[in-house]
Amino acid sequence: MSRVLCFVLAAFALATNAAAFEFIELEVIPEFMTSTHYGNPGKGCMPDEVAIRIQDVKGGICSPPCKAFSCPSDVPDGVSAKPQCVLQDGATKKKYCALVCKKGMCGAGASCKMIGPVGICTYDLSQQESFDK
């Protein structure tokens, strides 16, 4: 069973260094295996990642925890978006990484979805794929 967490999307990761925050809800999904960070959660995440869905955003992402505001740099093939520490669990304050993007930077199967002022790469799921394998 998935659990819903309240995360904070930290817009300070933008080049403008704005200090605005937006509360969003994410659903944490059981993890599976894949070969790089930031992959499609429908196909599995790395052991150190959580698979999440962002409330009111189609699809989901695999998200590793931030380590001193740094993020793993290995990304799926075709991705030019940069990993940044932009998600925070509103309850535990634990920070997570995501691919901050503009249109066309997310690679095959993913797209850049705007969450407030920040674009985040997410993967849409087909009818056959599911986060709840």
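A disulfide here is a pair of cysteine sulfur atoms within 2.5 Å. By that rule the count comes to 5 disulfides, and one of them joins Cys101 to Cys112. This is a predicted model, where local features need pLDDT of at least 70, side-chain atom pairs count only at pLDDT 80 or more, and totals for chains, interfaces and linings use all residues. Residues are numbered from 1 along each chain as its sequence is written, and side-chain values use heavy atoms, with hydrogens and water left out.

**Disulfides**

Helices (H or I, at least four residues) and strands (E, at least two) are DSSP runs, numbered from the N terminus. Buried means under 20% relative accessible area, exposed over 50%, and partly exposed in between (1.4 Å probe, protein chains only).

- With bonded cysteines counted along the chain, the pattern is 1-2, 3-5, 4-6, 7-9, 8-10.
- Cys101 and Cys112 have an S to S distance of 2.1 Å. Their link is right-handed, with 95° about the S-S bond. Cys101 sits in the loop between strand 6 and strand 7 (110-115) and Cys112 in strand 7, 11 residues apart. Cys101 is buried at 6%, whereas Cys112 is partly exposed at 21%.
- Cys71 is joined to Cys97, S to S 2.2 Å. The torsion about this S-S bond is about -95°, so the disulfide is left-handed. Cys71 lies in the loop between strand 4 and strand 5 (82-89) and Cys97 in strand 6, so the pair ties together parts 26 residues apart in sequence. Cys97 is buried, at 0% relative accessibility.
- Cys106 and Cys121 are bonded with their sulfur atoms 2.1 Å apart. The S-S torsion is about -85°, so this disulfide is left-handed. Cys106 is in the loop between strand 6 and strand 7 and Cys121 is in strand 8, 15 residues apart in sequence. Cys106 is buried at 3%, and Cys121 is buried at 4%.

**Strand pairing**

- Strand 3 (residues 50-54) is mostly covered, with 4 of its 5 residues buried.
- Strand 3 and strand 4 run antiparallel, joined by 4 bridges. Two strands pair if DSSP finds at least two bridges between them.
- Ile52 has Ile61 of strand 4 as its bridge partner.

**Cavity**

A cavity is a set of points on a 1 Å grid over the protein atoms alone where a 1.4 Å probe fits but cannot get out; lining residues have an atom within 4 Å of a point. Grid points are joined across faces, edges and corners, and a volume is the space filled by probe spheres set on the points.

- The count is 1 cavity of 30 Å³ or more. The largest cavity has a volume of about 50 Å³.
- Its lining includes Ile61 and Cys121.

Key: On a 1 Å grid over the protein atoms alone, a cavity is a set of points where a 1.4 Å probe fits but cannot get out, and a pocket is an open set with protein on both sides within 12 Å along at least five of seven lines; lining residues have an atom within 4 Å of a point.
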